[in-house]
Structures are given as structure tokens and as C-alpha cells.
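Take a look at the structure below.

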Amino acid sequence: MEKLISENKAALDKIKARFIANSQGFFDKYRFWIVLLVITALLDAFSTFCFMYVLGAKYELHPIVRELSFMLGPLIGPFLGGFLKISLGLCAIIYLRKFEKELLVLACLIYSYAFMHNLRVTGIFNLL
């Protein structure tokens, strides 16, 4: 049993070391894309709040955002869900450190599409 614990500890130490090594210079190199990612995620969270206010949380497709919205309400749920998605996504990108720019650009595009889709579904475009 102690051998398994020491092997697991060694594996976790390797993961931590790789994450720390890969994070060196990441935020400086991709600052623009990370800021754009945060902006588009905030827009998506706001439009998701509008969507849930009009139609309800039961129509949300993302399971984590939907459950958070049921538990915490349609205002806090989308924003907390967006924070979790960005945090976990950035951790995965940093750990892998492969195709970083492409993944950040793709995430920005998906958040932008989600923002526009939520506005279209709620009918806000009809007001403009």
C-alpha cells in the first residue's frame, strides 16, 4: 500500500512540475488572447443570463452551467460556470502546451457564437 502511495505522489509531483514549467511565459505570450477569451466569456455569461431570464435554465445545453443555475440562480450560475470553464480550460492548455494559440482562438470564436446565439434566441436582436 505504501508503494502505491509513493508512486501516486511521484506522479503528482511530475504533473505539478510540468504545469509549473509550462506556465513560464504563457500569460505574457498570450495576454491578448486570454483577455479576449475573458471578454467573450463574460459576454456569453451575460447573454446566458438573459436567455435564462426569458426561457428558463432548463433549456441551457451546458450541463454544469445548467446545474449551477438551478442551484445558485440564473445570474450567478452562468458567471460561475464561465469562470470554471475558463479556469479548467487554461489549466489544460498550460499543461499540454500544444496548439495554445489555436485553442484560445477557437474558444473565443465559440464564446462569440454562443453570445450571438443567446441574443438571437431571446429576441434581443428584434429590439435593435
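Start with the largest pocket, where α6 gives the largest share of the lining, 7 residues. Some terms come first. Helices (H or I, at least four residues) and strands (E, at least two) are DSSP runs, numbered from the N terminus. Pockets are found on a 1 Å grid over the protein atoms alone. A cavity is a set of points where a 1.4 Å probe fits but cannot get out, while a pocket is an open set with protein on both sides within 12 Å along at least five of seven lines. Lining residues have an atom within 4 Å of a point.

This is a predicted model, in which local features need pLDDT of at least 70, side-chain atom pairs count only at pLDDT 80 or more, and totals for chains, interfaces and linings use all residues. Residues are numbered from 1 along each chain as its sequence is written, and side-chain values use heavy atoms, with hydrogens and water left out.

How far can the model be trusted? The predictor's confidence in each residue is pLDDT, which runs from 0 to 100. For the protein the mean pLDDT is 92, and 97% of the residues reach 70 or more. Confidence is highest in helix α2 (residues 26-29), at 96, and lowest in helix α7 (residues 124-127), at a mean of 66.

Back to the largest pocket. What is its volume? About 380 Å³ of space lies in it. A volume here is the space filled by probe spheres set on the grid points, which are joined across faces, edges and corners. The lining has 20 residues, and D44, E60, L61, A114 and N118 lie nearest the centre. The elements giving two or more residues to this lining are α3 (31-55), α5 (76-96) and α6 (100-122). By class, 12 lining residues are nonpolar, 5 polar and 3 charged. Ala, Val, Leu, Ile, Met, Phe, Trp, Tyr, Cys and Pro count as nonpolar, Asp, Glu, Lys and Arg as charged, and the others, Gly among them, as polar.

The second largest pocket has a volume of about 200 Å³. Its lining includes L37, K85, I86, L90 and Y111. Here α5 and α6 are the elements that give two or more residues. The lining has 9 nonpolar, 1 polar and 1 charged residues.

Now follow α5 itself. This helix has 21 residues and reaches 30 Å from its first C-alpha to its last, close to the 30 Å expected at 1.5 Å a residue. The expected span is 1.5 Å times one less than the number of residues. Which residues of α5 are buried? They are G77, P78, G81, G82, I86, L90, I93 and I94. Buried means under 20% relative accessible area, exposed over 50%, and partly exposed in between (1.4 Å probe, protein chains only). The buried residues of α5 pack against α1 (2-23), α2, α3, α4 (63-72) and α6.

L96 is part of α5. L96 touches R18 and N22, not counting residues up to four places away in sequence. Contact means heavy atoms within 4.5 Å. The C-alpha atoms of L96 and F19 are 8.3 Å apart, though 77 residues separate the two along the chain.

Next comes the loop between α5 and α6, the place of R97. Most residues other than glycine have a negative phi. R97 has a positive phi, near 50°. R97 is partly exposed, because its relative accessible area is 24%. F99 sits in the loop between α5 and α6 too. F99 is not a glycine, yet its phi is positive, about 60°. F99 counts as exposed because its relative accessibility is 52%.

End with two residues that touch each other. Y111 lies in helix α6, and T40 lies in helix α3. Is Y111 buried or exposed? Y111 counts as buried, because its relative accessibility is 10%. T40 counts as buried at 8%. Leaving out residues up to four places away in sequence, Y111 touches L37, T40, A41, D44, G82, K85 and I86. On the same terms, T40 touches C108, Y111 and S112.
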